[in-house]
Amino acid sequence: QVQRRESGGGLVQAGGSLRLSCAGSGRTVTTYTMGWYRQAPGKEREFVAAINWSGSNTYYVDSVKGRFTISRDNAKDTVYLQMNSLKPEDTAVYYCAPLSGGLQGKAFGSWGQGTQVTVSS
(Lines give C-alpha, C1' and ligand atoms only; values in the text may rest on other atoms or scores of the structure.)
Protein backbone atom coordinates (compact mmCIF):
# COMPACT_ATOMS: atom_id res chain seq x y z
CA GLN A 1 0.00 0.00 0.00
CA VAL A 2 1.40 3.37 -1.05
CA GLN A 3 0.39 5.66 1.79
CA ARG A 4 -0.14 9.25 0.77
CA ARG A 5 -2.32 12.26 1.68
CA GLU A 6 -3.67 14.96 -0.60
CA SER A 7 -3.97 18.58 0.51
CA GLY A 8 -4.06 22.14 -0.81
CA GLY A 9 -7.56 22.33 -2.21
CA GLY A 10 -9.95 25.18 -1.60
CA LEU A 11 -12.31 27.72 -3.07
CA VAL A 12 -10.88 30.04 -5.72
CA GLN A 13 -12.28 32.37 -8.35
CA ALA A 14 -11.96 31.60 -12.03
CA GLY A 15 -8.51 32.60 -13.24
CA GLY A 16 -6.95 31.91 -9.87
CA SER A 17 -4.34 29.39 -8.79
CA LEU A 18 -3.90 26.58 -6.30
CA ARG A 19 -1.09 24.15 -5.55
CA LEU A 20 -2.03 20.66 -4.48
CA SER A 21 0.30 18.38 -2.56
CA CYS A 22 0.44 14.61 -2.34
CA ALA A 23 2.59 13.69 0.65
CA GLY A 24 3.91 10.21 1.28
CA SER A 25 4.71 8.83 4.70
CA GLY A 26 8.40 8.03 4.26
CA ARG A 27 9.57 7.06 0.75
CA THR A 28 6.09 5.87 -0.14
CA VAL A 29 5.76 7.92 -3.36
CA THR A 30 9.43 8.52 -4.12
CA THR A 31 10.09 5.53 -6.37
CA TYR A 32 6.76 5.48 -8.19
CA THR A 33 5.41 7.10 -11.29
CA MET A 34 2.64 9.20 -9.79
CA GLY A 35 -0.55 10.60 -11.21
CA TRP A 36 -3.21 13.12 -10.32
CA TYR A 37 -6.86 12.33 -10.99
CA ARG A 38 -10.07 14.24 -10.39
CA GLN A 39 -13.72 13.42 -9.97
CA ALA A 40 -16.46 15.98 -10.48
CA PRO A 41 -19.96 15.46 -9.05
CA GLY A 42 -21.89 12.94 -11.10
CA LYS A 43 -18.91 12.11 -13.29
CA GLU A 44 -16.34 9.36 -13.44
CA ARG A 45 -12.86 9.86 -12.08
CA GLU A 46 -10.53 11.11 -14.83
CA PHE A 47 -6.79 11.28 -15.30
CA VAL A 48 -5.20 14.75 -15.08
CA ALA A 49 -1.40 14.47 -15.06
CA ALA A 50 1.47 12.08 -14.40
CA ILE A 51 5.17 12.29 -13.59
CA ASN A 52 7.85 9.63 -13.65
CA TRP A 53 9.90 8.77 -10.58
CA SER A 54 12.76 11.14 -11.40
CA GLY A 55 10.59 14.03 -12.52
CA SER A 56 12.18 14.09 -15.97
CA ASN A 57 8.99 13.21 -17.85
CA THR A 58 5.41 14.37 -17.50
CA TYR A 59 2.11 13.79 -19.25
CA TYR A 60 -1.15 15.78 -19.17
CA VAL A 61 -4.71 15.45 -20.31
CA ASP A 62 -5.38 17.95 -23.09
CA SER A 63 -7.82 20.02 -21.04
CA VAL A 64 -5.13 21.11 -18.55
CA LYS A 65 -2.08 21.46 -20.81
CA GLY A 66 -0.48 24.86 -20.42
CA ARG A 67 -2.38 25.54 -17.19
CA PHE A 68 -1.35 22.76 -14.81
CA THR A 69 2.17 21.63 -13.90
CA ILE A 70 3.01 18.41 -12.10
CA SER A 71 6.28 18.20 -10.19
CA ARG A 72 7.86 16.26 -7.37
CA ASP A 73 10.36 16.63 -4.56
CA ASN A 74 11.58 13.15 -3.70
CA ALA A 75 13.54 14.46 -0.73
CA LYS A 76 10.19 15.45 0.75
CA ASP A 77 8.39 12.38 -0.61
CA THR A 78 5.85 14.73 -2.16
CA VAL A 79 4.23 15.27 -5.55
CA TYR A 80 2.66 18.61 -6.48
CA LEU A 81 0.08 19.89 -8.91
CA GLN A 82 0.32 23.60 -9.64
CA MET A 83 -2.97 24.74 -11.14
CA ASN A 84 -3.14 28.13 -12.84
CA SER A 85 -5.88 29.87 -14.84
CA LEU A 86 -8.47 27.74 -13.10
CA LYS A 87 -11.88 27.33 -14.70
CA PRO A 88 -15.22 26.34 -13.16
CA GLU A 89 -14.98 23.03 -15.01
CA ASP A 90 -11.86 22.21 -12.95
CA THR A 91 -14.10 21.87 -9.90
CA ALA A 92 -13.65 18.35 -8.54
CA VAL A 93 -12.13 16.25 -5.81
CA TYR A 94 -8.48 15.69 -6.72
CA TYR A 95 -6.63 12.49 -5.90
CA CYS A 96 -3.08 11.28 -6.33
CA ALA A 97 -2.15 7.68 -7.01
CA PRO A 98 0.83 5.55 -8.00
CA LEU A 99 0.75 4.29 -11.58
CA SER A 100 1.81 1.00 -13.10
CA GLY A 101 2.76 0.87 -16.75
CA GLY A 102 4.33 4.29 -17.16
CA LEU A 103 2.97 7.80 -17.58
CA GLN A 104 -0.15 6.53 -19.35
CA GLY A 105 -0.46 3.58 -17.04
CA LYS A 106 -3.14 2.59 -14.59
CA ALA A 107 -3.57 3.76 -11.03
CA PHE A 108 -3.31 1.04 -8.45
CA GLY A 109 -4.11 0.64 -4.79
CA SER A 110 -6.92 2.23 -2.86
CA TRP A 111 -7.93 5.86 -3.27
CA GLY A 112 -7.37 8.39 -0.50
CA GLN A 113 -9.80 11.05 0.65
CA GLY A 114 -8.64 13.53 -1.95
CA THR A 115 -8.78 17.30 -1.72
CA GLN A 116 -11.71 19.42 -2.89
CA VAL A 117 -11.11 22.13 -5.48
CA THR A 118 -13.97 24.52 -6.16
CA VAL A 119 -13.68 27.22 -8.82
CA SER A 120 -16.33 29.92 -8.82
CA SER A 121 -17.26 31.84 -11.94
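**Disulfide, sheet and pocket**

Modeller: The structure holds 1 disulfide. Keep in mind that this is a predicted model.

Biologist: Which cysteines form the disulfide?

Modeller: C22 and C96. Their sulfur atoms are 2.0 Å apart.

Biologist: What is the handedness of the link between C22 and C96?

Modeller: Right-handed, with 70° about the S-S bond.

Biologist: And which parts does the pair tie together?

Modeller: C22 lies in strand β3, residues 18–24, and C96 in strand β9, residues 92–100. The pair therefore ties together parts that are 74 residues apart in sequence.

Biologist: Is C22 buried or exposed?

Modeller: Buried. The cut-off is under 20% relative accessible area, and C22 is at 0%. C96 counts as buried too, because its relative accessibility is 1%.

Biologist: Let's turn to the sheet. What is the strand order?

Modeller: The order is β1-β3-β8-β7. Those 4 strands form an open sheet, and the pairing is antiparallel.

Biologist: Which are the edge strands?

Modeller: β1 (4–7) and β7 (68–73). Each of them pairs on one side only.

Biologist: How are neighbouring strands turned against each other?

Modeller: By 15° on average, with direction ignored.

Biologist: Back to β3. How many bridges join β3 to β8?

Modeller: 6 bridges. β8 covers residues 78–83, and the two strands run antiparallel.

Biologist: What stands opposite L20?

Modeller: L81, in β8.

Biologist: What about R19, buried or partly exposed?

Modeller: R19 also lies in strand β3. R19 is partly exposed, with a relative accessible area of 47%. Compare that with C22 in β3, which counts as buried at 0%.

Biologist: How many Å separate the C-alpha atoms of R19 and A75?

Modeller: 18 Å. R19 and A75 are 56 residues apart along the chain.

Biologist: Which residues line the largest pocket?

Modeller: Two stretches of numbering turn up. The lining has Q1, V2, Q3, R4, R5 and E6. It also has S110, W111, G112, Q113 and G114.

Biologist: How does the lining of the largest pocket split by class?

Modeller: 2 nonpolar, 6 polar and 3 charged residues.

Biologist: Where does β1 come into that?

Modeller: β1 is the edge strand at 4–7. R4, R5 and E6 are among the residues lining the pocket.

How values were computed: Residues are numbered from 1 along each chain as its sequence is written. This is a predicted model: local features need pLDDT of at least 70, side-chain atom pairs count only at pLDDT 80 or more; totals for chains, interfaces and linings use all residues. Side-chain values use heavy atoms; hydrogens and water are left out. A disulfide is a pair of cysteine sulfur atoms within 2.5 Å. Buried means under 20% relative accessible area, exposed over 50%, partly exposed in between (1.4 Å probe, protein chains only). On a 1 Å grid over the protein atoms alone, a cavity is a set of points where a 1.4 Å probe fits but cannot get out, and a pocket is an open set with protein on both sides within 12 Å along at least five of seven lines; lining residues have an atom within 4 Å of a point. Ala, Val, Leu, Ile, Met, Phe, Trp, Tyr, Cys and Pro count as nonpolar, Asp, Glu, Lys and Arg as charged, and the others, Gly among them, as polar. Two strands pair if DSSP finds at least two bridges between them. Axes are lines fitted to C-alpha atoms, for helices over the stretch in contact, and angles run from 0 to 180 degrees between N-to-C directions.
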